[in-house]
Amino acid sequence: MTTYREALRAGLREALADDDRVFLVGEDVGRYGGSFAVSMGLLEEFGPERIRDAPLSESAFVGAGIGAALGGMLPIVEIMTVNFSLLALDQILNNAATLLHMSGGQFNVPLVIRMTTGAGRQLAAQHSHSLEGWYAHIPGLRVVTPATLADARGMLRTALADPDPVLIFEHGGLFGLEGELPDVPEVVDLDHAAVRRSGKDLTIITYGACLHTSLAAADRLGADGISAEVIDLRTLRPLDTDTFVASAVRTGRALVVEQAWRTGGIGAEVAAQISELGFWHLDAPVGRVAGLEVPIPYAKHLEAASIPQVDDVVAAATGLVR
Amino acid sequence: MTDHRLELFRQMLRVRRFEERCVELYSGGSIRGFLHLYIGEEAVATGVISQLRPTDAIVATYRDHGHALVRGLSMRSIMAEMFGKADGCSRGRGGSMHLFDSATRFYGGNAIVAGGLPVAAGLALADRMSGREQVTVCFFGEGAVAEGEFHETMNLASLWKLPVLFCCENNLYAMGTALDRSEADTDLAVKATGYAMAAWSVDGMDVEATEVAARRAIDMVRSGGGPVFLELKTYRFRAHSMYDPDRYRDPAEIERWKERDPITMLEVRLRDDGLLDDSALEQLDADIGAEIDDAVSFAESAAPAPLDELSRWVYSDSSTVTTATTTGGAG
């Protein structure tokens, strides 16, 4: 057995060993071992040039990652949490996402940015939000959300091979997730959503930690005689619309599950795509289970009530089918 | 040496005349968007860039015509860009504020004040990690000093001993806000010194003084001493952009600075040294005028950036993947 955290570390180690142009930079990635212990031991293995501790200057070290990428390196920039990435939003949007187009195709930015996202650890409103949908709004970026051990390890490799900026959102609630990893890394594609459970009565479309909430809900629904298909979006931009629309068309019912706020989020986009492309095949309006529209609170019961729980998904799915 | 001083003069005059024509074209509607003129500040880009090697990199701001021209982007490609044409140096995607050129390692006009500084640090980081003796020069205005990205990058570049030259073009006004209305301490070099790097002020109206300072600074940076900060004291003779009615400056102040016009100052010296006379100047001006005429007719007759390629280069296609990702050197 291994963990999601160890899978991320395995992906990093493999990437660093594989290509001298790869380096990791961010706050506490080296001496401390990573704020969530993801990069533990890598400083000893690869040295301080390539496991590069940065001052608390998100804009400068993200921008430096962009510049280094322009200069021929393959930087992996770690941002401690998604909320801190807002301090680097200028660099991510105005430079990383924009330079290729604005330069008429001359300057691509092969940069990878990893950051922790999501609620569930009682870290309150400045460490717990799910802003990956925001980033998925931006043309020029690729936004990926590993929810399984294989994706935690493999998405990094594929992201590094991408000539353009890729943002990897690692859900903080998943670091301790246990599972098996093969000895040899699998090649992971970033172009397709994954059907994590097959079903015929409705399609649950989700990503990140909510995949596991949704799978647990599907188990309970199954016991009630409802067969739910569960799709892991994996990549929020560009969206693999074909996979989830085809599934929704086949089952006739769709439910989107996400921790992020409901209004204007990626779930709204998924629902819109299903409505546009699959409307005549639907037996019910597209349902949504999303985060409550509050800044994530500290108290355990308040936080739990702010984000989708298994009960919420079961209730919404049951309501769609019956 | 003689030729070199004349070349400095020619470059400054070329930038001046180019922009004077841009004003006419703007008034005529051929150029739109924002147009920020460098008139009055030509000595800065000319003096600094003359000291660079072809493999060095430049990050500039939205006031970037001078830097691009002196760096060697063709006048045709710059003019075509401002006309929104397919042959523009940014394929019509950037306009006046966003000139780019991979061949000369010109990483753009960045129109977010201080937004280019972290990128310049990163280009320098790549050079250092790859063992290349290259320098990245980052130009920005004194307005950038008020931004957090300036301070973050000064610290990061110094901490990591990155080969980057920070060139602060202090023209005294951040759009309409005078330096002493935005900075508690108006001594800019002192701020850089606070980040443990060499920093000094230079008369940015004097192209030869600028060149001497740039040569010394670039030598320091290239030899591995870490970043250097130059404050180049200069002045724009025109408004911030074509939209700016320029109500915040005393006309007498502008006239005082015009007495130190960088082009006139060098012209006087060259005449005194017997290197320039009326007929040589006339010839120079005529040659520059011909180059501008050629650029304008090229831009006028070039094809518009094609609509069916509008969505191209949001992500790389096969023709773009090879640019900077593997070599990082001059293309």
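**Close-up views of a predicted two-chain model**

Figure 1. A:Gln122 sits in the loop that runs between strand S5 (112–117) and helix H6 (132–135) of chain A. The model shown here and in the other views is predicted. The phi angle of A:Gln122 is near 55°, which is positive in a residue other than glycine. A:Ala124 also belongs to the loop between S5 and H6 of chain A. A:Ala124 is not a glycine either, yet its phi is positive, at about 65°. For comparison, most residues other than glycine have a negative phi. A:Gln122 has 15 other C-beta atoms within 10 Å and is therefore partly exposed. A:Ala124 likewise counts as partly exposed, because it has 15 C-beta neighbours inside 10 Å.

Figure 2. The bond that joins A:Arg237 to A:Pro238 is cis, and its omega is near -5°. Most peptide bonds are trans. A:Pro238 is placed in the loop between strand S12 (235–237) and helix H9 (241–251) of chain A.

**Figure 3. Packing of helices H3 and H4 of chain A.** Two packed helices are described by the angle between their axes and the distance between the axes. For helix H3 (residues 58–70) and helix H4 (residues 89–96) of chain A, the angle is about 25° and the axes are 8 Å apart. Angles under 35 degrees count as roughly parallel, so H3(A) and H4(A) are roughly parallel to each other. On the H3(A) side, the contact is made by A:Ser59, A:Val62, A:Gly63 and A:Ile66. These residues meet A:Asp90, A:Gln91, A:Ile92, A:Asn95 and A:Ala96 of H4(A). By class, the contact between H3(A) and H4(A) consists of four nonpolar, four polar and one charged residues.

**Figure 4. The buried residues of helix H4 of chain A and what covers them.** A:Asp90, A:Gln91, A:Ile92, A:Asn95 and A:Ala96 of H4(A) are buried. Their cover includes H3 and helix H5 (99–102) of chain A. H5 of chain B is also part of this cover.

**Figure 5. The contact between chain B and chain A.** Chain B brings 42 residues into contact with 34 residues of chain A. On the chain B side, two or more residues come from each of strand S2 (106–110), helix H5 (116–130) and helix H6 (148–159). H5(B) gives the largest share of this side, 11 residues. The side of chain B that touches chain A is made up of 18 nonpolar, 18 polar and six charged residues.

**Figure 6. The largest nonpolar core and B:Ala121.** The core has 196 residues. The residues with the most contacts inside it are A:Ala317, B:Ala121, B:Leu165, B:Cys167 and B:Leu230. H5(B) contributes the largest share of this core, nine residues. From chain A, at least three residues come from each of domain 1 (2–179) and domain 2 (194–321). Leaving aside residues up to four places away in sequence, B:Ala121 touches A:Ala60, A:Gly63, A:Ala64 and A:Gly67 among its contacts in chain A. Within chain B, and with that exclusion, B:Ala121 touches residues including B:Thr153, B:Leu156, B:Ala157, B:Leu162 and B:Val164.

**Figure 7. The two assigned domains of chain A.** The domain assignment divides chain A into domain 1 (2–179) and domain 2 (194–321). The C-alpha centres of the two domains are 26 Å apart. The contact involves 23 residues of domain 1 and 22 residues of domain 2. On the domain 1 side, the elements that supply two or more residues are H6, strand S6 (142–144) and strand S7 (166–171) of chain A. The largest share of this side, three residues, is from S6(A). By class, the domain 1 side has 10 nonpolar, 10 polar and three charged residues.

Figure 8. B:Ala192 is part of helix H7 (residues 188–193) of chain B. B:Ala192 is buried because 26 other C-beta atoms lie within 10 Å, against a cut-off of 20 or more. Not counting residues up to four places away in sequence, B:Ala192 touches B:Met154, B:Phe166, B:Met197, B:Ala199 and B:Phe229. B:Pro262 is 70 residues from B:Ala192 along the chain, and the C-alpha atoms of the two are separated by 26 Å.

Key:
Residues numbered from 1 in each chain as written. Chains lettered and ligands numbered in written order. Predicted model: local features only at pLDDT ≥ 70, side-chain atom pairs only at ≥ 80, totals over all residues. Axes fitted to C-alpha atoms, helices over the stretch in contact; angles between N-to-C directions. Helix = DSSP H or I, 4+ residues; strand = E, 2+ residues; numbered from the N terminus. Parallel < 35°, antiparallel > 145°, perpendicular 65-115°, else oblique. Contact = placed C-beta atoms within 7 Å. Nonpolar A, V, L, I, M, F, W, Y, C, P; charged D, E, K, R; others polar. Buried ≥ 20, exposed ≤ 12 C-beta atoms within 10 Å, placed from the backbone. Core = buried A, V, L, I, M, F, W, Y, C linked by C-beta atoms within 7 Å. Domains from an automatic or database assignment.
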